[in-house]
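This report goes through one protein chain, from single residues to the packing of its elements. Please keep the sequence and the structure in view while reading.

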Amino acid sequence: MEVVISLAIGVLAGAGVWLVLRPRTFQVLVGLSLLSYAVNLFIFSVGSLAIDKEPILKPGLAPDLLHYSDPLPQSLVLTAIVIGFATTALFLVVILALRGLSGGDHVDGQEEGR
């Protein structure tokens with residue numbers, strides 16, 4: 001399970017960095033989204049990945065991470081998802097306005113052929 005999560009985090013982070021380094025603003029936006037997904041998955045995995053275990057502490061069990069999942073990383077990821085969705089929507093509106101004003105969507109404002 002840890003290997004699959006680690007590979008998913010690595011692929012998302014690698015694809016995100018590659019897209020952030022691209023010259024078009026929409027690709028940069030998608031790259032930032034992929035990077036935020038990778039960070040969210042990493043934070044979520046810190047809170048004890050477990051299959052068929054109780055999410056909260058049961059009476060009579062020792063209060064350690066072997067017996068329950070920590071709810072704090074889950075709440076942080078949920079908050080980050082909501083904030084990420086709102087900022088992505090804002091960035092899309094700004095990108096559309098920039099494209100309408102400048103006629104292009106390059107990060108530096110200049111086309112490759114010019």
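L21 counts as exposed, at 69% relative accessibility. Exposed stands for over 50% relative accessible area, buried for under 20%, and partly exposed for what lies in between, with a 1.4 Å probe and protein chains only. The place of L21 is the loop between α1 and α2. L21 and V107 are 86 residues apart in sequence, and their C-alpha atoms are 9.8 Å apart in space.

## Basis of the model

The model is predicted: local features need pLDDT of at least 70 and side-chain atom pairs count only at pLDDT 80 or more, while totals for chains, interfaces and linings use all residues. Residues are numbered from 1 along each chain as its sequence is written, and side-chain values use heavy atoms, with hydrogens and water left out.

## The chain as a whole

The protein chain has three helices and zero strands, and its elements run α-α-α from the N terminus on. Helices (H or I, at least four residues) and strands (E, at least two) are DSSP runs, numbered from the N terminus.

Of the 114 residues in the protein chain, 18% are buried. The accessible surface of the chain is about 8,300 Å², and carbon and sulfur atoms hold 71% of it; such areas come from the Shrake-Rupley method with a 1.4 Å probe, and for residues only the protein chains shown count as cover. Among contacts with a separation of 6 or more, 52% are between residues 24 or more positions apart. Contact means heavy atoms within 4.5 Å.

## G16 in helix α1

G16 is part of helix α1, residues 2–20. G16 counts as buried because its relative accessible area is 0%. Leaving aside neighbours within four places in sequence, G16 is in contact with G31, L34 and L35.

## S45 in helix α2

Helix α2 covers residues 25–46 and includes S45. With a relative accessible area of 19%, S45 is buried. Its side chain reaches the backbone oxygen of F42 at 2.7 Å. Apart from neighbours within four places in sequence, S45 is in contact with I5 and I9.

## Packing of α2 and α3

Helix α3 spans residues 71–102, and α2 packs with α3 at an angle of about 175°, their axes being 10 Å apart. Axes are lines fitted to C-alpha atoms, for helices over the stretch in contact, and angles run from 0 to 180 degrees between N-to-C directions. The two helices α2 and α3 are therefore roughly antiparallel to each other. Angles over 145 degrees count as roughly antiparallel, under 35 as roughly parallel, 65 to 115 as roughly perpendicular and the rest as oblique.

On the α2 side, T25, F26, L29, S33, N40, I43 and F44 meet P73, Q74, V77, A80, I81, T88, F91, L92 and I95 of α3. This contact has 11 nonpolar, five polar and no charged residues. Ala, Val, Leu, Ile, Met, Phe, Trp, Tyr, Cys and Pro count as nonpolar, Asp, Glu, Lys and Arg as charged, and the others, Gly among them, as polar.

V77 lies in helix α3 and counts as buried at 8% relative accessibility. Beyond its neighbours within four places in sequence, V77 is in contact with N40, I43 and F44.

How values were computed. A polar contact is a pair of N or O atoms within 3.5 Å; within protein, one must be able to donate a hydrogen and the other to accept it, and residues adjacent in sequence count only if both atoms are side-chain atoms.
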